[in-house]
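Please read them with the structure open beside you.

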Amino acid sequence: MNPTQKIVYLALLTGQSLALFLLEGLIPLPFLAPGAKLGLANLITLIALYTLPRWQDAALVLFLRILLASLFGGGPTILLYSLSGGVLSFAAMALLKKSGRFTPLGISSAGGFFHHIGQLLAASLIIGGPQLFAYLPILGPCGLLTGFLLGGTASKILVHIKIVV
Amino acid sequence: MKKMLNRADILLIILLLFISLTPLLFLTSQKPDRVYADITVEGKLTRRIPLSGHTGRDIFVISHDGHSNTIVVEDDTIAVTEADCPDKRCILQGPAQKPGGIIACLPHKLLIEVKGEQPEADLIPMR
């Protein structure tokens with residue numbers, strides 16, 4: 001990839017993840033626990049992590065998406081939670097991928113899980129105590145499940161995307 | 001072709017599933033004899049409301065920094081019915097009743113925790 005191709009590819013990924021984020025907001029979901037969501041935008045983070053040669057570029061896509069998403073309809077509180085969830089989830093996925101032992105399914109499941117851990121940590125700091133971790137028995141499995149399904153989707157997409165890049 | 005899901009993935013998922021369940025260890029299952037709700041704002045206890053033995057319907061408003069949450073205590077349950085926060089998750093969480101139950105309004109840094117006092121007998125030291 002030459003620099004121009006890279007910029008275009010990064011912009012495309014950022015735009016796609018932002019679109020998925022906004023689309024997710026339109027899907028009505030039953031209320032399970034505070035913070036439980038599909039995390040569709042993580043699909044693009046996963047694809048970025050697998051198709052871009054450097055993890056820093058994938059992190060850039062994530063940061064741009066979180067920043068833009070909070071401008072489009074989140075606000076500072078949402079920014080804080082997306083950021084804490086996103087950073088921890090990304091760190092976990094990047095490290096697990098680097099180890100080379102896991103498939104996108106496992107990595108994405110862990111990503112969904114650590115997103116909730118990050119959000120709960122941020123919430124604990126705001127509330128001033130760890131009481132909200134009482135939601136972990138619901139949020140943890142939710143994150144694993146949505147992450148697993150997204151991981152499956154990502155691995156199907158990755159088969160095709162490798163031919164293009 | 002590489003397998004879709006390998007052994008390392010399965011072990012990782014099982015491990016994380018177990019971690020998810022660890023908070024359950026800290027929730028007591030013993031039946032308490034006095035249940036009350038603590039309302040904290042920014043980590044500071046602002047109100048303690050006894051729930052066990054409560055009958056009827058009490059409504060009050062917790063205001064802080066220009067934000068407000070309307071809290072309804074009906075019989076032995078507590079719920080947030082109105083709030084001027086953007087996400088309204090505190091209302092969606094519904095009523096809380098059992099010890100360990102929590103209602104959080106993160107934009108307002110408000111937390112309602114239902115707690116229970118263990119029966120007195122537990123406090124008597126063994127001889």
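This is a predicted model: local features need pLDDT of at least 70, side-chain atom pairs count only at pLDDT 80 or more; totals for chains, interfaces and linings use all residues.

How many residues does α5(A) have, and what does it reach from its first C-alpha to its last?

1. α5(A) is built from 24 residues. From first C-alpha to last it reaches 34 Å, close to the 34 Å expected at 1.5 Å a residue.

2. Now the interface. Chain A brings 31 residues to the contact and chain B brings 28 residues. Between them the two chains bury about 2600 Å², with 77% of that on carbon and sulfur atoms. On the chain A side, the elements giving two or more residues are α4 (76-99), α5 (104-127) and α6 (136-164). The largest share, 10 residues, comes from α5(A). Sorted by class, this side of chain A has 22 nonpolar, 8 polar and 1 charged residues.

3. Which polar links cross from chain A to chain B? There are 6 residue pairs in polar contact, counting pairs with both residues at pLDDT 80 or more. Salt bridges between the two chains number 0.

4. Over all chains, though, the whole structure has 5 salt bridges. In chain A, the side chains of Lys6(A) and Asp57(A) meet in one of them, at 3.4 Å from N to O. Lys6(A) sits in helix α1 (residues 3-26) and Asp57(A) in helix α3 (residues 55-73), so the pair ties together parts that are 51 residues apart in sequence. Asp57(A) is buried, at 5% relative accessible area, while Lys6(A) is partly exposed at 28%. Salt bridges with shared partners join Lys6(A), Arg54(A) and Asp57(A) into one network.

5. In chain B, have a look at Asp38(B), which is buried at 2% relative accessibility. Its side chain meets that of Arg48(B) in a salt bridge, 2.7 Å from N to O. This pair links strand β1 (residues 34-41) with strand β2 (residues 44-50) of chain B, the two residues being 10 residues apart. Arg48(B) is partly exposed, with a relative accessible area of 46%.

6. Asp38(B) also forms a salt bridge with Lys115(B), where the closest N and O atoms are 3.0 Å apart. Here strand β1 is linked to strand β7 (residues 110-117) of chain B, and the partners are 77 residues apart. Lys115(B) counts as partly exposed, at 28% relative accessibility.

Definitions and conventions
Residues are numbered from 1 along each chain as its sequence is written. Chains are lettered from A and ligands numbered from 1 in the order in which they are written. Side-chain values use heavy atoms; hydrogens and water are left out. Contact means heavy atoms within 4.5 Å. Buried area is the accessible area (1.4 Å probe) that two parts lose on being put together, summed over both. A salt bridge is a side-chain nitrogen of Lys or Arg within 4 Å of a carboxyl oxygen of Asp or Glu. A polar contact is a pair of N or O atoms within 3.5 Å; within protein, one must be able to donate a hydrogen and the other to accept it, and residues adjacent in sequence count only if both atoms are side-chain atoms. Helices (H or I, at least four residues) and strands (E, at least two) are DSSP runs, numbered from the N terminus. Ala, Val, Leu, Ile, Met, Phe, Trp, Tyr, Cys and Pro count as nonpolar, Asp, Glu, Lys and Arg as charged, and the others, Gly among them, as polar. The expected span of a helix is 1.5 Å times one less than its number of residues. Buried means under 20% relative accessible area, exposed over 50%, partly exposed in between (1.4 Å probe, protein chains only).
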